[in-house]
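Hello,

Here is the structure I said I would pass on. My notes come after it, for you to read alongside the coordinates.

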Amino acid sequence: MRLIARFAKNQNEVIDVWDERVERHSLDPTTPTIHSIAKKHPSAVWFERKMHDEFGIEIDGAFDNRPLLRHEHFPHIHPMIQECKELTPAPFHPYPYERIKGEGVFEVGVGPIHAGIIEPGHFHFSQEGEAILHLEVRHFYKYRGIERMCEGKSIEEALRIVEKISGNESIAYQIAFLRPFIEDEEIRKYHAILLELERLIHHLTDLGFIPNDAGFGAALAFCSIKAEECRRMMANITGHRFGFGGVRAEAKPIDKKGLENFLNTLQSDLIWFQEWITDIPSLWDRLDGTGVLQKQEALRYGCVGIVARASGIAIDRRMSDPLYKNFTPPTQQRGDVAARFLQRLDECFASIDLIRSFLDYRPTKSELDVSDGEYFSFSESSIGELFLYTYVENGKIVRFFARDPSFVNWQALHLMMPGNIIADFPLINKSCDLSYAGSDL
Amino acid sequence: MIRFWQRRFKEGIKTELSELDAELEAIKKELKGTIKEKFASSLAIRMVDSGSCNACEAECNALSNPYYDLERLGIRFVASPRHADILLVSGVVTFNMLPHLIDAYRQLPEPKWVVTIGDCTTLCGDIEKTCLIKGPVNQQIPVAHHIPGCPPDPKTIMEDLLTFLRSI
């Protein structure tokens, strides 16, 4: 069984979402405590630490009791249940990092501010010379309190916030958020076109950045042109380069002929790129065998998306969606940086085909059909399976929870490190290209 | 490798653009001139994300693509705040990022300017103030200029940067 999410609905109830069923645990309100499942399902660690930090729920039998969201200066409050206007910094309390002790072993801390235009997060390495012995990923520098921000708002109001959780996955977030309230197939097809276009933008950007991190800048120049063109296409269709506000209860008319021509050019350019890039031995020397994630480990950690599919696990939310008619995603077997690179390339071709198959939609308009209830909704973002939980009462959101695909995959990142040198870390990290904003919330 | 060069001669340069946007070219020319005059053709920018959705970062990355090609104009995004003239800040300033943002600001050598990018930095966007948010940025560090938009597209960033550079 794969753990999708474990979160607190409130102080008295914890919900476990598995791939096959949903489990609910009632807690004793005076001393809310829940038993840890992290020994069997390692990706539960962050879920449980988050629950403890935000709701003050005690985790019984946990082997990791360190704070997750509450950093060095964080006062002793639980931000999801306590009212506060302004947080005042508490005295510095150091965070005990995971350390490997031994003669000659030293530590390297990287971040939260990195050398480049990227999001903040901390990576803590234990090193034996060049070789990485262990990596601890420490995030939540961007913890904005999105879940609480959405409470008390209507679906339309909250949508404006949800679409800005993670810029790279905006369309996927909007689709997952509105999924329970939209049934019209024509509208869903239109949304699917946008989702695949967003996937193309993200994959193309990475197809440039991965070789660039291995010192092959020409690929970045080529792919960033293609990514920019796709972004302009997104702006053409939705009126916004990232598709903010692009997913609503309507299927807008688009210039289908123009989009088809665009896709044809893109496809032939990508075929050219594929031939070119696979013929550069010095590049593949860096990518092959770097940052391997074994299939068993990926399964144990419940990895999703590109990371899982490059390790030979065919999981994809689009497979179970009747809209995609027996879609099977491409997969790779080796689980290294090269596999994740090729996986992205294959998915670009798959996305182009999918957009073509949805172009027969008819423009239409409808209303959001919002009724009270608990909703578990999914979509397949460019990073992987996205899960949202929305609890609506009297038309207002009482509890909103988001599990970004990155939240699970970040926890598996350290598995790719042993046997690699620290200089390959940026390459491995980029090959997964996980979101910080989506996971920190 | 031989095949690579054979194709290279046959197919020409694939990573360069033939398309020309006259308006964009005019902005580029102006930018290059201003930077030459005021920063001896070398302007170093350090970008710090204090809690954005990553769209502003994506647009700043897009500035380096062959459509905009900012590096040709003498603008470089540098790895350390100690090498920078301008601190470009995006995001709402989360409680957890505040000490690090101030740290980065202190590391910048004088003369220095802070430019904020995106509606999050002034908290006039859709992301609301919660107790976990310490923004707007200008309440924490002195801000010299703001580039509005959610996110501003690369062309707007260039235009706005030009306006700012002219003013100093």
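Below is what was found, taken chain by chain and then residue by residue. Please keep in mind that this is a predicted model.

Chain A

Chain A holds 14 helices and 13 strands. Its radius of gyration is 22 Å, close to the 22 Å that the globule rule gives for 441 residues, so chain A is as compact as a globular protein of that length. The C-alpha trace of chain A spans about 60 × 60 × 40 Å along its principal axes.

Of the 441 residues in chain A, 63% are buried. Taking the contacts in chain A between residues at least 6 apart in sequence, 65% join residues at least 24 apart. The accessible surface of this chain is about 16,000 Å², and carbon and sulfur atoms account for 51% of that.

Chain B

Chain B has 5 helices and 5 strands. Their order along the sequence is α-α-β-α-β-β-α-β-β-α. Along the principal axes, the C-alpha trace of chain B covers about 60 × 35 × 30 Å.

In chain B, 56% of the 168 residues count as buried. For contacts in chain B with a separation of 6 or more, residues 24 or more positions apart make up 82%.

A glutamine in chain A

Which residues does A:Gln267 contact, leaving aside its neighbours within four places in sequence? They are A:Phe349, A:Ile352, A:Asp353 and A:Arg356. With A:Arg356 there is a polar contact between the two side chains, at 2.8 Å. A:Gln267 itself sits in helix H7 of chain A, which runs over residues 256-277.

Cis peptide bonds in chain B

The bond from B:Glu110 to B:Pro111 is cis, with omega near -10°. B:Pro111 lies in the loop that links helix H4 (98-107) to strand S4 (113-117) of chain B. The bond from B:Cys150 to B:Pro151 is also cis, and here omega is near -20°. B:Pro151 is in the loop between strand S5 (145-147) and helix H5 (154-167) of chain B.

Positive phi outside glycine

A:Asn394 has a positive phi, near 50°, although A:Asn394 is a residue other than glycine. It is placed in the loop between strand S12 (385-393) and strand S13 (396-403) of chain A. Is A:Asn394 buried or exposed? Its relative accessibility is 67%, and exposed means over 50%, so A:Asn394 counts as exposed.

B:Asp69 is not a glycine either, and its phi is positive at about 50°. The loop that holds B:Asp69 runs between helix H3 (55-62) and strand S2 (75-77) of chain B. The relative accessible area of B:Asp69 is 17%, and the limit for buried is under 20%, so B:Asp69 is buried.

Regards

How values were computed
Residues numbered from 1 in each chain as written. Chains lettered and ligands numbered in written order. Predicted model: local features only at pLDDT ≥ 70, side-chain atom pairs only at ≥ 80, totals over all residues. Heavy atoms only, no water. Helix = DSSP H or I, 4+ residues; strand = E, 2+ residues; numbered from the N terminus. Rg over C-alpha atoms; globule rule 2.2 N^0.38 Å. Buried < 20%, exposed > 50% of the residue type's maximum accessible area, 1.4 Å probe, protein only. Contact = heavy atoms within 4.5 Å. Areas by Shrake-Rupley, 256 points an atom, 1.4 Å probe, with all protein chains shown as cover. Polar contact = N/O pair within 3.5 Å; in protein donor to acceptor, adjacent residues only side chain to side chain.
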